[in-house]
Amino acid sequence: MSDVLTLEHVDVTFATDAGRVSAVSDVSLSVAEGEIFGLVGESGCGKTTLAMALMGLLPATASVAGSVRFQGVELTGLSAEELRKLRGDRISMIFQDPMTSLDPTFSIGEQVAETITAHRDIDKERARRRALELLEEVGIPEPRRRFGDAPHRLSGGMRQRVVIATALANEPALVLADEPTTALDVTIQSQVLDLLRDLRARLHTTIALITHDLGVIAQICDRVGVMYAGQLVEVAPVSEIFRSPRHPYTQALLSALPTQQQAPGSLRVIPGRVPNLADPPPGCRFSTRCPYVMDECADVPPLAHETDDHLIACWLSEATKRAGRPDHAATGGAV
Amino acid sequence: MSVAVATSGGVPRTVWRRGILASRKGRWGFGILTALALVAIFAPLLAPHDPNAIDPSRILSPPDLAHPFGSDALGRDVLSRVIFAYRVSLGVAVGSTLLAFLVGVPLGLYAGYHGGWVDTAIMRPIDMVLALPAMLLAVALIAIIGPGSNISALAIAVIYMPILARVVRSSTLVVVSQTYIEAARARGTRSRAIIARHVLPNAIGPAIVQATILMGFALQIEAALSFLGLGAQPPTSSLGVMLADGRDVLTQAPWVEVFPGLAIAITVLAFNFFGDGLRARLDPKGVTE
């Protein structure tokens, strides 16, 4: 399988009143064609920022460094118009809250059709017919009758189906799904995930799924990347992450999942706080909370192959040690 | 929650039935304005006499059946004069506000959508205009260009444009931060289409409310300018001109003064009622003041 998306040493910083905030730091990863890649991490760890950086949708205060290649084309440095042509056509996005990601003054059908006419030079009637097909495809009952409905007349689950239909309108190579189920209740969540999996199977779309919910990851992802405070700390097939997590943060995250045996009301937490990204700790950003912290952690641990498909960025790992320190110590945050 | 989102913007057709006309104020405002608009449109048919016909035998004669509003110092029929003056005044009020709306709304929309230096470049000059006292600005403009009802309409538009631009800009800022705008961008919709199709319909509500209320005040400003002799010029009459004429005979023949005054008061009131009815519907969160 070839890679649809390759990120190399991607940094995203925001200029704020409190100084430069490093939201994403040195992230390298690749997503293969047709896979569902999960990106997991707690709120504010940079998952969404990373997705927005790919789409060229970050505000003007943000600056992106590093390389983002999509289907072999370098995206950093493309003009605004070139990026616009990619958005909604080759790369599309599903947002978290379907209650707010549809325009309340437009009918759902028009919003799907707009995605098509923004990229294809076709007449309204054909766009409309295609939109109807899409609504049908994502499981909107009676799409013909629903086409002219305002979004508020649909339930949350149905709205998210409409959002998915807009994302699929031009058969993109990559769909970025940013917490697509977080705002939905559990039964609807499962339906939407089934729909995504089903669409991947039929259309062979690559999906990058961003979530903080390990349950969602377990349910539909092939591989998963774990982010903490802007750094990518571990990448592995989904079964491996759950069976043998290697990074201390991943281990802590998994052990924080409530189990049935646990006494009600007692939740395990990771002690400490997420570092302030305007002034992150040098080296590994988890070092301030890590139970295994040691001197080496003041240098940024490189993400290295522990096995063929399991990557980890932690000085406890032999792979990271082998990947070497000296050159990274120079570029990393060693102060 | 979803209901609030769905109703906070745009002017769907149901707004009329369910919103404006549902409130008593809205109904009154709409009813009076419709009636007054008809009066203005059909003035030549409705006026019982020639508004400029001088009748020396009827100088300052009190209201009677043939002349329900009485006659003025030249024996002209006050009712007919009010009807024709009203036509001029309403025309200036509506025309000036529309002009301000057509210029101010795109400016505010553009400034709010793009932000940054575009915003500064558009809004700072507008703020400067806003900082000048309205009446002074109008008088200064008329002093430069010369009096007349068209010029006073232009002067009022210059006063109003910054207000409407600011209102639209602030509601645009709210709309632009909504996810559906980001979603439209993520769909690859062009900026121009996003502004026209997604931002405008969601941000225009408060500006419509504001414009409605401003129309009422425009009528007052026009009257004030005309009263000072800076608005409509003879033989054209406006309500302000009539007020100025009536002032001299206020104690002997109050009807010359009272009826044009009443016309102004009722119209301003009706615009305010209508604006309030609109606001209840379009602007539930009270974005406008």
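Predicted model: local features only at pLDDT ≥ 70, side-chain atom pairs only at ≥ 80, totals over all residues.
Residues are numbered from 1 along each chain as its sequence is written, and chains are lettered from A and ligands numbered from 1 in the order in which they are written.

Where the two meet, 14 residues of domain 1 of chain A are in contact with 16 residues of domain 2 of chain A; two residues are in contact if their C-beta atoms, placed from the backbone, lie within 7 Å. On the domain 1 side, helix α7 (residues 186-203) of chain A gives the largest share, 6 residues. That side of domain 1 of chain A divides into 10 nonpolar, 2 polar and 2 charged residues, where Ala, Val, Leu, Ile, Met, Phe, Trp, Tyr, Cys and Pro count as nonpolar, Asp, Glu, Lys and Arg as charged, and the others, Gly among them, as polar.

**The sheets of chain A**

In what follows, helices (H or I, at least four residues) and strands (E, at least two) are DSSP runs, numbered from the N terminus, and two strands pair if DSSP finds at least two bridges between them. An open sheet of 8 strands in chain A has the order β6-β7-β8-β3-β9-β10-β12-β11, and its pairing is mixed. The edge strands of this sheet are β6 (91-94) and β11 (304-307) of chain A, each of which pairs on one side only. On average, neighbouring strands of the sheet are turned by 20° against each other, direction ignored. Within the sheet, strand β7 (residues 174-178) of chain A and strand β8 (residues 206-211) of chain A pair in the parallel sense over 5 bridges, and A:Leu176 stands opposite A:Ala208 in β8(A).

Another open sheet of chain A is formed by 4 strands in the order β2-β1-β4-β5, with antiparallel pairing. Because β2 (19-32) and β5 (73-74) of chain A stand at the edges with a single partner strand each, one side of each is left without a neighbour in the sheet. Strand β1 (residues 3-16) of chain A runs antiparallel to β2(A) and is joined to it by 10 bridges. These two strands, β1(A) and β2(A), form a hairpin with 2 residues between them. Along this pair, A:Thr6 stands opposite A:Ser30 in β2(A), and A:Thr16 stands opposite A:Gly19 in β2(A). Helix α1 (residues 47-55) of chain A lies across β1, β2 and β4 (62-70) of chain A, and runs at about 75° to β2(A).

**Chain B and its helices**

The secondary structure of chain B comes to 13 helices and 0 strands, and the C-alpha trace of chain B spans about 75 × 45 × 30 Å along its principal axes. Helix α8 (residues 149-176) of chain B packs against α6 (residues 116-131) of chain B and against α7 (residues 134-145) of chain B, as the table sets out. Axes are lines fitted to C-alpha atoms, for helices over the stretch in contact, and angles run from 0 to 180 degrees between N-to-C directions.

| Helix pair | Axis distance | Angle |
|---|---|---|
| α6(B) and α8(B) | within 9 Å | roughly 130° |
| α7(B) and α8(B) | 9 Å | about 140° |

The angle of roughly 130° makes α6(B) oblique to α8(B), and the angle of about 140° makes α7(B) oblique to α8(B); angles under 35 degrees count as roughly parallel, over 145 as roughly antiparallel, 65 to 115 as roughly perpendicular and the rest as oblique. The crossing of α6(B) with α8(B) is left-handed, while α7(B) passes α8(B) in a right-handed crossing; a crossing is left-handed if the near helix is turned anticlockwise from the far one by less than a right angle, and right-handed if clockwise. The contact of α7(B) with α8(B) involves residues including B:Leu137 and B:Leu141 of α7(B) and B:Ile156 of α8(B), and divides into 11 nonpolar, 1 polar and no charged residues.

**Where the chains meet**

The contact between the chains takes 26 residues from chain A and 21 residues from chain B. On the chain A side, α2 (80-86), β6 and α3 (108-117) each supply at least two residues.
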